[in-house]
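Subject: A structure for you to explore

Hi there,

Here is the structure I promised to pass on. Please open it next to this email and follow along as you read.

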Amino acid sequence: MSTIPREEIFITTKVWNSEQGYEKTLSAIKQSLNKLQTGYVDLYLIHWPVSNLRNDTWKALEKIYKEGQARSIGVSNFTIQHLKELLGTTEITPVLNQFELSPFLYQKDLIDYCQNKSIVVEAYSGLTKGRKFKNSVLQEIGEKHNKNPAHILIRWGLQHNFVQIPKSGKKKHLAENIDVFNFTLDGADMKLLDNLNEDFRMIDDPHKMK
Ligand SMILES: NC(=O)c1ccc[n+]([C@@H]2O[C@H](COP(=O)([O-])OP(=O)(O)OC[C@H]3O[C@@H](n4cnc5c(N)ncnc54)[C@H](OP(=O)(O)O)[C@@H]3O)[C@@H](O)[C@H]2O)c1
């Protein structure tokens, strides 16, 4: 059992695709709260924009938010089309959209759309699961600032105002990944990184979800 007070921990969880729909989502949040042994989560997301179910799922999230089981509600893997459809029917705008995002998958239109609607952009797989760590531009910018490729990727996202959720199962990497507040990428670095886009995806493309 953790001794850290609940209010000092930010918990995000999602409604899984097989649990989508109004009634099923209302049951899913109860199960999550039971498993987490908490009365509320800080952020509850729709995992994927499942066809025919996503709008009813969102209605359930609005109820969950109003009843205080989630302090905020958002979506994940929503494209501009999915967001436009949702915003046409919602009472509450999603606070955040979590999607795959790195310099190698720089989804500028989606970012602009979200930021214009005040929807926070949260980047997943922002470290490219380590697959692009050997990229020469990342290496050179890293050497210039005496930082590693993970630092450069995290910092790039922070300077674009994205929430970064780098994942690691290693204490050393967790400690390393927070060490990004003592340097700044300059305009030239940011430009080089912005130009690395090659639509590099590791996870399914949500544009295929109608
Ligand atoms: N919404 C969605 O559909 C969705 C999809 C995918 C992922 N996500 C979420 O996004 C978050 C992160 O994404 P991700 O796991 O796909 O990828 P990621 O953060 O891009 O990469 C994680 C990998 O990078 C390694 N790593 C981390 N820090 C490192 C460092 N300083 N040096 C070297 N290697 C390092 C980790 O290995 P070690 O463990 O060895 O450090 C791990 O293999 C997770 O919370 C995940 O749940 C969401």
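With 210 residues, a compact globule would have a radius of gyration near 17 Å, and the protein has 18 Å, which agrees. That radius is taken over C-alpha atoms, and the globule rule is 2.2 Å times the number of residues to the power 0.38. Along the principal axes, the C-alpha atoms fill a box of roughly 55 × 45 × 25 Å.

Before you go further, please keep in mind that this is a predicted model: local features need pLDDT of at least 70, side-chain atom pairs count only at pLDDT 80 or more, and totals for chains, interfaces and linings use all residues. Residues are numbered from 1 along each chain as its sequence is written.

How much of the protein is buried? Buried residues make up 32% of the 210 residues. A residue is buried if 20 or more other C-beta atoms lie within 10 Å of its own, exposed if 12 or fewer, and partly exposed in between, with C-beta atoms placed from the backbone. Among contacts between residues at least 6 apart in sequence, 71% join residues at least 24 apart; a contact means that two C-beta atoms, placed from the backbone, lie within 7 Å.

Now for the fold. The protein has eight helices and six strands, and from the N terminus on its elements run β-α-β-α-β-α-β-α-β-α-α-β-α-α. Helices (H or I, at least four residues) and strands (E, at least two) are DSSP runs, numbered from the N terminus.

The six strands form an open sheet in the order E1-E2-E3-E4-E5-E6, with parallel pairing. Strand E1 (12–15) and strand E6 (163–164) stand at the edges, each with a single partner strand, so one side of each is left without a neighbour in the sheet. Two strands pair if DSSP finds at least two bridges between them.

Start at E1, which runs parallel to E2 and is joined to it by four bridges. Thr 12 stands opposite Leu 43 in E2. The chain gets from E1 to E2 through helix H1 (residues 22–36), and this β-α-β crossover is right-handed. The term means that, with the strands pointing away from the viewer, the path from the first strand over the helix to the second runs clockwise.

Next, strand E2 (residues 43–46) pairs with strand E3 (residues 73–76) in the parallel sense over three bridges. Which residues of E3 are the bridge partners? Gly 74 is the partner of Leu 45, and Val 75 is the partner of Ile 46. Here the chain crosses from E2 through H2 to E3, in another β-α-β crossover that is right-handed. Do look at the side chains of E2 too: Leu 43 and Leu 45 point one way, Tyr 44 and Ile 46 the other way, and all are buried.

Some loop residues are also worth a look. Asn 52 has a positive phi of about 65° although it is not a glycine. Asn 52 sits in the loop between E2 and helix H2 (54–66) and counts as exposed, with 9 C-beta neighbours inside 10 Å. Thr 128 has a positive phi as well, near 55°, in a residue other than glycine. Is Thr 128 buried or exposed? This residue, in the loop between strand E5 (120–124) and helix H5 (136–145), is buried, with 21 other C-beta atoms within 10 Å.

Finally, the ligand. Of the 21 residues around the ligand, Tyr 124, Leu 127, Ala 150, Lys 167 and Ser 168 come nearest; a residue counts as near if its C-beta atom, placed from the backbone, lies within 6 Å. Helix H7 (residues 171–177) gives the most to this shell, with three residues. By class, the shell has six nonpolar, 11 polar and four charged residues. Ala, Val, Leu, Ile, Met, Phe, Trp, Tyr, Cys and Pro count as nonpolar, Asp, Glu, Lys and Arg as charged, and the others, Gly among them, as polar.

Enjoy exploring!
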